[in-house]
Amino acid sequence: MALVNSTSNGRGFQGWKRSILIALSVKNKLGFISGSCPPLIITSKDFQPWSRCNDMVTSWLLNLLSKDIGDSVIYSKSAKDLWTSLEHRFGQSNGVKLYHQRKELSGLVQGISDIASYFTKLKRL
């Protein structure tokens, strides 16, 4: 079963990120990307289960990335490192895009649209 239903190509990262956070929370694996479930030393008795879970989360994330993006993060040491790399690359705000969204939002009017359509457009922006 897929973790979420869309792959990321870098666009719409914030929405994709929200989907991933929800899905990992449901599976009780959020700590592997948040850092609250840090790597264990190799001699720890819990290292193997931690390593399996970390590899599983890493695999989920890699399968939800476009090939180009996945290839650039495939050698990350942990799911946390992979996630941090993605956030650093795609999580930054884009001033130009923000300007255009604000401009589009300020020009939005209901016009002949029904209230549900207008509200949906408003929420999307």
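Predicted model: local features only at pLDDT ≥ 70, side-chain atom pairs only at ≥ 80, totals over all residues.
Me: Where should I look for the nonpolar core, and which residues have the most contacts inside it?

Reply: Start with the general idea: in soluble globular proteins, nonpolar side chains tend to be buried together. Here the largest nonpolar core has 21 residues, and Trp 16, Ile 20 and Leu 86 have the most contacts inside it. Helices α1, α2, α3, α4 and α5 each supply at least two residues of this core.

Me: Thanks! How many salt bridges does the structure hold?

Reply: The general idea is that side chains of opposite charge can pair when their charged atoms come close. This structure holds 3 salt bridges. In one of them, Glu 87 meets Lys 17 at 2.7 Å, N to O. That pair links distant parts of the chain, with Glu 87 in helix α5 and Lys 17 in helix α1, 70 residues apart.

Me: And where do Lys 67 and Asp 71 lie?

Reply: Both are in helix α4, 4 residues apart, which is about one turn of the helix. Lys 67 is exposed at 62% relative accessibility, while Asp 71 is partly exposed at 42%.

Me: Is Ser 78 buried or exposed?

Reply: Buried means under 20% relative accessible area. Ser 78 has 8%, so Ser 78 counts as buried. Ser 78 sits in the loop between α4 and α5, and, leaving aside neighbours within four places in sequence, is in contact with Asn 54 and Thr 58.

How values were computed. Residues numbered from 1 in each chain as written. Heavy atoms only, no water. Buried < 20%, exposed > 50% of the residue type's maximum accessible area, 1.4 Å probe, protein only. Contact = heavy atoms within 4.5 Å. Core = buried A, V, L, I, M, F, W, Y, C linked by side-chain atoms within 4.5 Å. Salt bridge = Lys/Arg side-chain N within 4 Å of Asp/Glu carboxyl O.
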